[in-house]
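Please keep the sequence and the model in view while reading.

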Amino acid sequence: MFETLKNAWKLPDLKKRICYTLMIIVIFRFGAALPVPFLDASVMQGFGDGNLLGFFNLLTGGAFQNATLFALSISPYITSSIVVQLLAVAIPALEQLAKEGAEGRKRLNKITRYVTIGLALITALGYYRILDSNGAVMDGGNAFGNAIIFLTIMTMFTAGSMLCVWLGEQIDEKGIGNGISMILFAGIVSRGGSVVLSMWQYLVLGYQGLKAGSTGTGLRYLIGVPLLVVIFVILVGFIVLMTKAERRIPIQYAKRVVGRKMYGGQSSYIPVNVNMSGVMPIIFASSLMAIPGTIAAFIQPEEGSFWASFVKIFNYNSGFYAFLYFILIIAFAYFYVAIQYNPVEMANNLRKNNGAIPGIRPGKPTSDFIARIISKVTLMGALFCAVVAILPIGIAALTGIQGVSLGGTTIIIIVGVALDTVKQLESEMMMRHYKGFLE
C-alpha cells in the first residue's frame, strides 16, 4: 500500500489528484469544526451514547455531537442511496433507468440528490427538536426571533449536508477514490486521536488501580488495552483477506464462425466476492437495533418501569443485544445480496453470449447452480461481518473498556475504503505505464 502511494506520488498528474483529495478532506474537517450559530452544543456531550445518534456521531467524526455545520455529514445521502436502490428493485421505471448505462445512472443520481435534500430536511428538523428539548437553542425573545433562529439552524444543517455531498462529487471528478467513501473515511479516522487518548486513560486507570490495591480492575485494564491493540491488528489482516476473497465460477464460451473468422472457445470465470454486501448489513442492523435507545432518549422513561427495562435489554453491552445483532446482520446480508444479484438474469446473459458453466445445462439448472453458490458465499460473508461486528462488544464486556462497541464497523469501512483507493491508484499507474501500439 505504502509502495503504491510512493510510486503514485512520483507521477505529476496523480500527485495533483492526491493533493486535491487531501485539500477536500481538510475543507470537510474545517466544516466539521465550524459551529452553527444560536446553539450551545455542550448539552449534547454523551447524549448519543448507545443509540442511533451515537452511530450518526461515529459516521460524522464527532460533528453531530458538536452541532457543527457538517453535523449531518453524508448520512442523508447514504440513506437516500439505499432507499433508491431498494425502490429500483420494486419500481419498473427505476429498474429500467438502472439498466440504461451511464445516462440512466446519471438520472438515478439526480433522483438520489432530491431524496437527499428531503431526508436532510427531516433529519435536521429532528435534530433541532432534540437540541431544543435539551435547552441547546437560544431564545429569540419573540415568535419572529425564534422563527429566524429555526430557519437559520435548519438551513445550515441541510446546506452542510448537501455541501458534503458536493465535496464528495468533487473528489470523484478531480481526486482519487470514491468521494462519498473518502468523506466517510475522513470522519471516522478523525476520531482516532480520541480513541488513542481513551486507551491511554484506561492504562493510567489500570496502573492507579494496581497502586491502590485494586488488583482485579488494574490488571483488567492493563491486559485489556494491549489485547485490544493485538486484536485490532489481527482484525485488519482478516478483513483484508476476506475483502479480497472470491469464489470463481468457471465459464466456457462456445466457438462460433462469423464470416471467415472463428470467435469464442476461451475460458473465463464469474467472480463472486465473499463479502458481497460490504458493511451495509452492519449499518442496517445497527440502525434498527439503535431505535429503542433513540426513542428512550426522547421520552426518557422512569427508572424501574416496563419501558425502562425493555430499553435496557437493547443496551449494546447486553448479551441479548449481541445475539439479536448477530442474527440481524446475517438476515440483512442475505436481503442485500438478493436485491443486488439476480441468478436468472446472470444465467440468461450467459446463454445470450454462448457461455455455459462446465457440467451444468443452460437455463434453469444454471440459475439454480449460481443461486446455490451465491447462497453459500453469502453465508460466509455474513458470518464474517457478524463476527467482526460482535467481537468488540464481547471484548468490551470482558475488559470493561467502553467505546469500542462499533469498532468492527469502523475497521471494515476504513479497510474497505483504503483497499478501493489503492486499487484505483494501481489501475491509474498501470494505465499510464501501458505501452500501446504507437510506442
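The numbered points below go from the chain as a whole to helix pairs and then to individual residues.

1. The model is predicted. Its protein chain contains 17 helices and 5 strands. Of the 439 residues in the chain, 43% are buried.

2. Contacts and surface. Taking the contacts in the protein chain with a separation of 6 or more, 71% are between residues 24 or more positions apart. The chain exposes about 23,900 Å², and carbon and sulfur atoms supply 65% of that area.

3. Helices α4 and α14. Helix α4 covers residues 75–90 and helix α14 covers residues 319–340. Their axes come within 10 Å and cross at roughly 55°.

4. Residues joining α4 and α14. On the α4 side, Q85, L86 and V89 take part; on the α14 side, their partners are F335, Y336, I339 and Q340. By class, the residues of this contact divide into 5 nonpolar and 2 polar, with no charged residue.

5. Helices α15 and α16. Which helix does α15 cross at roughly 130°? The partner is helix α16, residues 364–399, and the two axes come within 8 Å. That angle makes α15 oblique to α16. The crossing of α15 and α16 is right-handed. From α15, the contact draws on P343, V344, M346, A347 and L350; from α16, it draws on T366, S367, I370, A371 and I374. The contact of α15 with α16 has 8 nonpolar and 2 polar residues, and no charged ones.

6. Residue A347. Is A347 buried or exposed? Its relative accessibility is 5%, so A347 counts as buried, the cut-off being under 20%. Leaving aside neighbours within four places in sequence, A347 is in contact with G363, T366, S367 and I370. A347 and I357 are 10 residues apart along the chain, and their C-alpha atoms are separated by 9.4 Å.

7. Helix α11. How many of the 10 residues of α11 are buried? The count is 8, so α11 is largely enclosed by the rest of the structure. The buried residues are M280, P281, I282, I283, F284, A285, S286 and M289.

8. Residue N275. The loop between β4 (267–273) and α11 (280–289) holds N275. With 12% relative accessibility, N275 counts as buried. Not counting residues up to four places away in sequence, N275 touches M242, G381, F384 and C385.

9. Residue I291. Helix α12, residues 291–299, includes I291. I291 has a relative accessible area of 38% and is partly exposed. In sequence, I291 and V311 are 20 residues apart; in space, the distance from C-alpha to C-alpha is 9.5 Å.

10. F38 is not a glycine, yet its phi is positive, at about 70°. F38 sits in the loop between α2 (12–33) and α3 (52–59), and it is partly exposed, with a relative accessible area of 30%. A67, also a residue other than glycine, has a positive phi near 50°. The place of A67 is in the loop between α3 and α4. What is the relative accessible area of A67? The value is 3%, and A67 is buried.

Key: Residues are numbered from 1 along each chain as its sequence is written. This is a predicted model: local features need pLDDT of at least 70, side-chain atom pairs count only at pLDDT 80 or more; totals for chains, interfaces and linings use all residues. Side-chain values use heavy atoms; hydrogens and water are left out. Helices (H or I, at least four residues) and strands (E, at least two) are DSSP runs, numbered from the N terminus. Buried means under 20% relative accessible area, exposed over 50%, partly exposed in between (1.4 Å probe, protein chains only). Contact means heavy atoms within 4.5 Å. Accessible areas come from the Shrake-Rupley method with a 1.4 Å probe; for residues, only the protein chains shown count as cover. Axes are lines fitted to C-alpha atoms, for helices over the stretch in contact, and angles run from 0 to 180 degrees between N-to-C directions. Ala, Val, Leu, Ile, Met, Phe, Trp, Tyr, Cys and Pro count as nonpolar, Asp, Glu, Lys and Arg as charged, and the others, Gly among them, as polar. Angles under 35 degrees count as roughly parallel, over 145 as roughly antiparallel, 65 to 115 as roughly perpendicular and the rest as oblique. A crossing is left-handed if the near helix is turned anticlockwise from the far one by less than a right angle, and right-handed if clockwise.
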